[in-house]
Amino acid sequence: MKLELRGITKRFGTLVANDAIDLVVEPGQIHCLLGENGAGKSTLMNVLYGLLRADAGQILLDGAPQHFDGPGDAMRAGIGMVHQHFMLVPVLTVAENVVLGDEDVRGPGWLDMRTARRRVREISERFGFDLDPDALVGDLPVGVQQRVEIVKALARDARVLVLDEPTAVLTPQETDELMATMRRLADAGTALVFITHKLREVREVADRITVIRHGRVAGAAEPGTTTRELARLMVGRDVTLTVDRPPARPRGDGLRVDGLTVRDASGRALVDDVTLQVRGGEVLGIAGVQGNGQTELVEAITGLRAPSAGTVRLGDDDLTRAGVRAVLAAGVGHVPEDRTHDGLVGEFSIAENLVLDRSFGPPFVRRGEVRRAHLAEFARQRVDEFDVRTSSIRTQVRRLSGGNQQKVVIARELARPLRLLVAAQPTRGVDVGSIEFIHRRIVETRDAGTPVVVVSTEIDEVLGLADRIAVMYRGRVVGVVPAGTSREVLGLMMAGTPIEETDAA
Amino acid sequence: MTPTQLLRSLAPRRDGHAGTAAASWRTPVTMAVLTLAAALAAALGPRTGTTSFRLSKPTDVLALPTATVPAQAATVALTLVMAALCTAAALRVRAGRAPARALAPAFGTAFVLALLTWAAAGATVPVVGLLGGALALSIPLVFGAMGGVLSERVGVVNVAIEGQLLAGACVSAVVATVTGQPLVGLVAAVVAGALVATVLAVFSVRYLVDQVIVGIVLNVLVTGLTGFFYSTALAPDAARLNAPARLPQIALPVLGDLPVVGPVLFRQTVVVYAMYVVVAVVWVVLFRTRQGLRIRAVGEHPEAADTVGIDVRATRVRVVALAGAVAGLGGAYFTLGSVGGFGKDMTAGAGFIALAAVILGGWHPLRAAAAALLFGFVSNLQNVLGIVGSPLPSELMLMLPYLVTVLAVAGVVGKVRAPAASGTAYEGAS
């Protein structure tokens with residue numbers, strides 16, 4: 001089925017999220033929609049899927065104009081969507097999720113689960129998915145959950161399939177498998193829209209590329225276009241994709257983590273006997289698929305979570321179970337992985353957010369009173385230095401873009417003399433221009449002799465920043481490898497293969 | 001069916017609400033404490049004479065003889081049974097497995113029997129009266145719990161069960177009196193409960209007001225309205241407005257003649273038979289039908305339901321109204337099914353106990369019904385022990401229902417998982 005979008009415009013208040021966007025997706029093609037976070041890709045797809053109503057424009061399927069009042073209409077018209085955050089009910093089974101909203105029934109409304117299971121089996125066999133229709137979705141790994149989403153769309157006879165940032169949660173190997181699946185779907189005549197901001201994936205799989213910037217179509221590109229050219233289209237100017245960094249000069253003891261174990265309430269080890277060292281002047285990258293204990297490891301190092309065994313030492317200080325305030329006092333900077341949740345108070349101003357960690361006393365608080373003038377001067381200087389794009393330091397942080405929010409977090413954490421910087425997902429949801437800036441600051445911190453831990457689920461980020469790379473899988477460190485390790489080896493390690501078995505050793 | 005049988009009949013279901021199966025020392029420790037208590041009672045307060053359990057009335061078709069046991073010997077024997085069950089649970093946990101599902105109900109039965117034997121030494125326990133009274137106390141709780149389960153499964157916390165019960169009680173009494181038809185009163189109760197719930201649904205689903213706050217406000221509102229109505233109209237003119245005919249008891253053929261079970265379960269009013277049907281229907285609808293699957297999806301992950309074309313808000317409003325209708329029917333039992341007239345604040349917190357039953361039952365209709373029956377049973381146990389003359393101080397006896405709740409929740413059920421989206425408004429896709 002051929003999908004055509006004509007002049008789609010969507011406004012939220014004064015913000016124009018989509019400005020007269022045209023898009024044609026042919027059957028049998030994988031059409032990449034490339035753009036930064038906030039460029040308007042997801043808005044466009046939500047319009048297509050009936051979740052949002054366009055202010056202007058038309059959706060045509062095989063030339064016939066469509067009107068969608070809700071996702072139900074879009075689905076009936078043959079549009080399927082794999083959402084970035086899976087739309088699966090974890091306590092229901094695979095089969096129940098697949099048929100939800102489109103159930104097979106007998107008589108007045110009895111669920112016919114036998115037919116549902118058969119549908120799941122048939123479709124998953126066609127694509128070699130090997131799904132158990134009776135497994136609870138919540139028990140499945142994310143890669144498998146994504147297949148459930150795809151089966152769900154196919155079970156509804158989707159002939160236009162939209163995949164919204166599908167690779168964000170996958171290991172490189174799972175990503176390869178997904179791309180093979182996408183190709184098979186395209187060969188079977190499905191029209192695919194692949195939304196991403198990862199340039200490498202675009203080059204690998206796209207038949208056509210449309211780049212979206214600031215809600216407008218910034219251009220179309222052929223599959224052979226270089227990543228540099230794609231990045232330029234996406235950002236609107238030339239960007240350096242790699243950070244220039246001199247070789248590391250490790251010195252001093254830095255951070256030592258010994259036999260660190262963190263358990264959840266039921267006693268399961270989330271971080272399992274992790275031993276690491278980061279010396280001054282080097283960056284240790286921690287790679288791994290999301291949810292393999294990185295979050296808990298960072299929380300244990302920064303005092304947010306009490307480990308059940310092991311020690312955390314910074315130089316001569318024992319930080320195990322020291323508590324957040326003691327950890328801050330010891331000179332640890334922490335860029336949390338979820339800035340809106342842990343890093344910032346959205347309702348507070350930029351200035352206030354810049355001193356959140358220094359509300360205990362001097363220099364910004366004297367005898368319990370905030371020294372406003374002092375604070376304002378400090379904030380203006382930080383905003384300038386870190387290039388936070390804002391009209392005022394009194395602007396509420398939640399009104400800033402993701403990249404500018406992250407710069408506020410980084411500016412705060414780097415404002416104190418640091419003995420350790422822990423940066424988790426430092427560039428998640430950040431535009432390419434800001435990524436460049438943030439990476440440069442992290443490298444500068446390293447070069448000043450501070451030990452740096454960078455946790456990232458993006459292999460490119462780890463490869464770009466780290467002097468050594470520790471790969472985590474199910475709470476354990478699978479291995480620590482040097483910076484030049486190939487992404488294939490890292491990918492295998494991220495799936496739990498020990499380094500000795502990756503043929504790299 | 002006794003509560004124990006009902007508990008046992010709850011086959012494990014894979015709906016993600018089966019409770020935590022992890023091996024925990026909680027259950028054996030609770031059992032050990034109770035076993036010790038029983039042993040201490042037997043040792044420090046030895047009882048003489050016999051305890052009789054009267055199983056039927058002399059007029060029954062199939063009369064059972066009265067069972068008489070030597071009090072002290074039976075108490076000791078039952079304590080030993082408890083000790084054995086406790087050991088079995090402990091061994092299972094030590095082997096890293098969860099205690100068998102039947103262990104806790106079996107233990108509870110042994111404990112209750114031991115308590116009765118010990119406390120009623122030298123007297124006669126009217127078993128039919130004990131169980132029948134327990135059921136009577138449970139009926140509004142079961143209806144309320146079904147209203148709670150339905151509502152929470154679709155994602156709306158129903159704190160207003162109390163208000164729905166009270167509205168059902170008041171309206172059914174008035175309508176039944178005015179029309180002279182108790183059955184019309186029942187219908188009116190259903191409508192009244194549904195109306196209260198619709199207010200809850202509209203405010204929380206349409207206007208995104210906090211569900212708990214709307215619920216509390218509704219409870220206060222209904223209490224005030226019915227109280228005002230009672231003092232200004234019902235009390236002064238009771239003959240015209242508040243003297244409904246009580247629903248007749250209908251004995252089912254054959255089933256009603258069974259010993260013990262017959263008089264307890266099958267010589268009841270139409271409200272009680274409706275309760276059996278409602279529990280079964282709620283269960284079947286939730287887990288076996290298309291509507292049920294959609295209800296559960298909306299309560300767990302409304303965004304997911306929305307993206308497959310289910311109208312989240314409409315589903316919520318509809319199901320919450322239905323939940324209120326069910327609770328309203330339970331309210332009618334207070335008036336048409338038992339006392340025969342409306343009294344100010346006559347529900348006396350039953351709605352909140354029903355809410356506790358929903359949680360104790362892990363948001364599962366059958367388990368929640370069993371929990372409601374358990375609460376009713378324990379309340380009545382306290383009444384019966386008071387009548388037969390228990391050596392325990394009455395103040396201690398009054399604690400029993402709450403003690404059992406705490407023990408059941410903390411000792412046996414443990415952590416239960418509510419429907420994920422219960423209590424949160426759905427604002428639609430961003």
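In which strand of chain A is T196(A) found?

Mentor: This is a predicted model, and the description that follows should be read with that in mind. T196(A) is found in strand β10 of chain A, which covers residues 191-196. With a relative accessibility of 1%, T196(A) counts as buried, because the limit for that class is under 20%. Leaving aside residues up to four places away in sequence, T196(A) touches L33(A), L34(A), G35(A) and K41(A), and also E165(A), E201(A) and V202(A).

From that residue we can turn to the charged pairs of chain A. Over all chains, a search of the whole structure finds 36 salt bridges. One of them joins D104(A) to R119(A), with the closest N and O atoms 2.8 Å apart. This pair links distant parts of the chain, since D104(A) lies in the loop between α3 (94-99) and β7 (105-106) of chain A, whereas R119(A) belongs to helix α4 (residues 113-126) of chain A, 15 residues apart. D104(A) is buried at a relative accessible area of 19%, and R119(A) counts as buried at 15%.

R106(A) forms a salt bridge with D112(A), and here the closest N and O atoms are 3.8 Å apart. In this pair R106(A) counts as partly exposed, at 48% relative accessibility, while D112(A), at 13%, counts as buried.

A further salt bridge is formed by D467(A) and R245(A), whose closest N and O atoms are 2.8 Å apart. D467(A) lies in the loop between α16 (459-465) and β23 (468-473) of chain A and R245(A) in the loop between α8 (227-235) and β13 (251-263) of chain A, so the pair ties together parts that are 222 residues apart in sequence. D467(A) is buried, with a relative accessible area of 16%, whereas R245(A) is partly exposed, with 25%. Both residues belong to a network of salt bridges that also links R446(A) and D447(A).

F364(A) and F378(A) form a tilted pair, with 4.7 Å from centre to centre and 50° between the planes. Because F364(A) lies in the loop between α12 (350-354) and β19 (365-366) of chain A and F378(A) in helix α13 (residues 372-385) of chain A, the pair ties together parts that are 14 residues apart in sequence. Both F364(A) and F378(A) are buried.

In chain B, the rings of F266(B) and Y276(B) have their centres 6.3 Å apart and their planes at 70°, so this pair is edge-to-face. F266(B) is in the loop between α10 (261-265) and β5 (267-268) of chain B and Y276(B) in helix α11 (residues 270-288) of chain B, 10 residues apart. F266(B) is buried, with a relative accessible area of 15%, but Y276(B), with 27%, is partly exposed. Together with Y273(B), these two residues form one aromatic cluster.

Charge and ring also meet directly: the charged end of K407(A) sits over the ring of F437(A), 5.5 Å from its centre, and that of R206(B) sits over the ring of Y207(B), 5.4 Å from its centre.

Finally, helix α9 (residues 294-301) of chain A is mostly covered, with six of its eight residues buried. The buried residues are Q294(A), E296(A), L297(A), V298(A), A300(A) and I301(A), and the helix α9(A) is followed by G303(A), which has a positive phi near 85°.

Methods. Residues numbered from 1 in each chain as written. Chains lettered and ligands numbered in written order. Predicted model: local features only at pLDDT ≥ 70, side-chain atom pairs only at ≥ 80, totals over all residues. Heavy atoms only, no water. Buried < 20%, exposed > 50% of the residue type's maximum accessible area, 1.4 Å probe, protein only. Helix = DSSP H or I, 4+ residues; strand = E, 2+ residues; numbered from the N terminus. Contact = heavy atoms within 4.5 Å. Phe/Tyr/Trp six-rings, centres within 6.5 Å; stacked < 30°, edge-to-face > 60°. Lys NZ or Arg CZ within 6 Å of the ring centre and 35° of its normal. Salt bridge = Lys/Arg side-chain N within 4 Å of Asp/Glu carboxyl O.
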